[in-house]
Amino acid sequence: QVQLVESGGGLVQAGGSLRLSCAASGRTFSSSAMGWFRQAPGKDREFVAVISWSGGSSYYADSVKGRFTISRDNAKNTVYLQMNNLKPEDTAVYYCAADQLTVTAFRYWGQGTQVTVSS
């Protein structure tokens, strides 16, 4: 059974930083792209970042470019999202995803972790 478990969310003041982790189990994703998405209250889920299977390529939503960094450790079957200079508009539930099917479609999803940024 494949599981993606996010951790690292919490409450932080604007300008602060958080590092999210997503540990995968049940199969290895070392040959699959992995990504992060988020969903704010009352809004649709939106793309945040994606990283290639090797970690050599990554892409970001314009809203987080220059502030967030996605990385992965294939030996640990884990993907990370370093979030710096957080803004109140970054408040959302953050989901990791694995095994990319299309630009925004992934086969596996985590349960999400809450990130709240206070002003």
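Biologist: What makes Asp-99 count as buried?

Modeller: Its relative accessibility is 13%. Buried means under 20%, so Asp-99 counts as buried. Keep in mind that this is a predicted model.

Biologist: Which loop holds Asn-77, and what is its phi?

Modeller: Asn-77 lies in the loop between β7 (68–73) and β8. Its phi is near 55 degrees, which is positive in a residue other than glycine.

Biologist: How do you know whether Asn-77 is buried or exposed?

Modeller: Compare its value with the cut-off. Asn-77 has a relative accessible area of 12%. The limit for buried is under 20%, so Asn-77 is buried.

Biologist: Why is Gln-114 called partly exposed?

Modeller: Gln-114 has 39% relative accessibility. Buried needs under 20% and exposed needs over 50%, with partly exposed in between. Gln-114 therefore counts as partly exposed.

Biologist: Where is Gln-114 found, and which residues is it in contact with?

Modeller: Gln-114 is found in strand β11, residues 113–118. Leaving aside neighbours within four places in sequence, Gln-114 is in contact with Gly-9, Gly-10, Thr-91, Ala-92 and Val-93.

Biologist: How many residues apart in sequence are Gln-114 and Ser-7, and what is their distance in space?

Modeller: They are 107 residues apart in sequence. From C-alpha to C-alpha, Gln-114 and Ser-7 are 9.0 Å apart.

Biologist: What about Ser-21: buried or exposed?

Modeller: Ser-21 has a relative accessible area of 17%. That is set against a limit of under 20%, so Ser-21 is buried. Ser-21 lies in strand β3. Not counting residues up to four places away in sequence, Ser-21 touches Val-5, Glu-6, Ser-7, Trp-36, Thr-78, Val-79 and Tyr-80.

Biologist: What makes β1 and β3 a pair?

Modeller: Two strands pair if there are at least two bridges between them. Strands β1 (residues 3–7) and β3 (residues 18–25) have five bridges, in the antiparallel sense. They therefore pair. Within this pairing, Val-5 stands opposite Ala-23 in β3.

Biologist: How do you know that β3 pairs with β8?

Modeller: Count bridges again. β3 and β8 (residues 78–83) have six, in the antiparallel sense. At least two are needed, so these strands pair. Leu-20 stands opposite Leu-81 in β8.

Biologist: How many helices and strands does the chain have?

Modeller: Zero helices and eleven strands.

Biologist: What makes the chain as compact as a globular protein of its length?

Modeller: Its radius of gyration is 13 Å. The globule rule gives 14 Å for 119 residues. The two values are close, so the chain is as compact as a globular protein of that length. Its C-alpha atoms fill a box of roughly 40 × 25 × 25 Å along the principal axes.

Biologist: What share of the residues counts as buried?

Modeller: Of the 119 residues, 43% count as buried.

Biologist: And what share of the contacts joins residues at least 24 apart?

Modeller: Among contacts between residues at least 6 apart in sequence, the share is 54%.

Terms used:
Residues numbered from 1 in each chain as written. Predicted model: local features only at pLDDT ≥ 70, side-chain atom pairs only at ≥ 80, totals over all residues. Heavy atoms only, no water. Helix = DSSP H or I, 4+ residues; strand = E, 2+ residues; numbered from the N terminus. Rg over C-alpha atoms; globule rule 2.2 N^0.38 Å. Buried < 20%, exposed > 50% of the residue type's maximum accessible area, 1.4 Å probe, protein only. Contact = heavy atoms within 4.5 Å.
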